Amino acid sequence: MALIKLHSSIFHPTLRKLQCQDVAIDTHNLMYPVFLVEDDEAVQDIPSMPGVARYGANQLLAHLQPLVAKGLQSILLFGVIDQMPKDSTGTGADSATNPVIRALPRLRQAFPDLLIACDVCLCPYTDHGHCGVLTVDGTIDNEPSIKRIAEIALAYAQSGAHIVAPSDMMDNRIQAIKRQLREHNLENRCSVLSYSVKFASGFYGPFRDAAKSAPAFGDRKCYQLPPGSKGIAKRAAKRDVEEGADMLMVKPGMAYLDIVKQVKDDYPELPLFIYQVSGEYSMLLNAGKIGAFDLRTVLWEVLVSMRRAGADCIITYFTPLLLDWLKE
């Protein structure tokens with residue numbers, strides 16, 4: 001059994017706040033996902049996600065400045081590449097020219113109090129678009145996959161990430177990441193937020209457009225969880241807790257609130273994140289735009305339901321709008 005470690009859960013003020021559970025929604029209960037591209041001056045609108053864009057490092061700093069002033073406390077970075085070559089093992093993910101690795105020191109310097117998480121996966125960087133290394137017959141090869149995931153997580157931690165968040169759903173990657181952090185004396189300076197319970201969902205469509213990470217063939221049903229499952233969701237969370245995850249996540253959000261409650265009931269001592277994914281964002285936004293309902297009323301209702309189910313932090317593209325509402 002892994003030794004229980006606490007310091008990586010409380011080294012940052014925002015992490016300490018997430019240890020306190022209630023149903024209120026404050027700025028520390030929101031994490032803002034952002035897409036980072038290679039061209040430092042780029043702002044690329046995403047048609048399937050109105051109001052969301054990919055940013056180069058310079059433009060991201062400018063975009064975040066007013067949000068931090070309004071109370072933004074945490075972000076989740078996704079790297080997106082066009083010019084860097086993609087290959088079978090995603091070597092661009094931890095390259096020195098990777099946009100996330102280049103931006104992290106600048107973000108830390110510009111926003112010293114901002115909690116910065118980095119998504120860790122291979123799919124945006126592989127030529128096949130899958131989340132792990134493949135065998136010759138096109139199936140997931142778990143051992144080299146978790147080796148690469150751990151290497152990428154270490155590179156992000158060394159560049160300044162407070163949190164590494166593996167979204168690949170490979171078996172035993174939490175243990176591999178924790179080992180790398182421990183061996184490089186980073187275990188107390190970088191937390192692991194595990195996408196523990198990530199379902200194979202149709203709600204991811206706009207994200208795959210945004211991150212340019214759709215698989216070139218097949219699908220991800222062999223490593224993401226079946227939507228109808230509860231037992232394997234319980235097993236997935238248990239696996240990651242035993243391997244030393246500091247925080248857990250359920251993804252997507254609205255359709256899986258029963259799973260959120262299940263995970264929180266099983267592990268009330270761990271901060272639990274819920275990802276209101278791209279399809280949920282676009283669905284609510286577009287319904288509000290055509291007058292099907294009042295967006296403010298329904299969005300608050302959804303967020304409160306997520307908190308009520310047990311989520312301590314909500315990862316949502318609505319964060320800029322919510323910061324304005326919270327200021328009011």
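Mentor: The largest pocket has a volume of about 620 Å³. This is a predicted model, where local features need pLDDT of at least 70 and side-chain atom pairs count only at pLDDT 80 or more, while totals for chains, interfaces and linings use all residues. Residues are numbered from 1 along each chain as its sequence is written, and side-chain values use heavy atoms, with hydrogens and water left out.

Trainee: How many residues line the largest pocket, and which lie nearest its centre?
Mentor: There are 25 lining residues, and Leu-3, Ile-4, Lys-5, Val-241 and Gly-244 lie nearest the centre. Lining residues have an atom within 4 Å of a pocket point, on a 1 Å grid.

Trainee: Which helix gives the most to the lining?
Mentor: That's H5, with four residues. Helix H5 spans 173–183, and helix H7 (231–242) also supplies at least two lining residues.

Trainee: What classes of residue are in the lining?
Mentor: The lining has 10 nonpolar, five polar and 10 charged residues.

Trainee: New topic: how many helices and strands does the chain have?
Mentor: The chain has 11 helices and 10 strands. Its radius of gyration is 18 Å, close to the 20 Å from the globule rule for 328 residues, so the chain is as compact as a globular protein of that length. That radius is taken over C-alpha atoms, and the rule is 2.2 Å times the number of residues to the power 0.38.

Trainee: What share of the residues count as buried?
Mentor: 59% of the 328 residues do; buried means under 20% relative accessible area with a 1.4 Å probe, protein chains only.

Note on methods
On a 1 Å grid over the protein atoms alone, a cavity is a set of points where a 1.4 Å probe fits but cannot get out, and a pocket is an open set with protein on both sides within 12 Å along at least five of seven lines; lining residues have an atom within 4 Å of a point. Grid points are joined across faces, edges and corners, and a volume is the space filled by probe spheres set on the points. Ala, Val, Leu, Ile, Met, Phe, Trp, Tyr, Cys and Pro count as nonpolar, Asp, Glu, Lys and Arg as charged, and the others, Gly among them, as polar. Buried means under 20% relative accessible area, exposed over 50%, partly exposed in between (1.4 Å probe, protein chains only).
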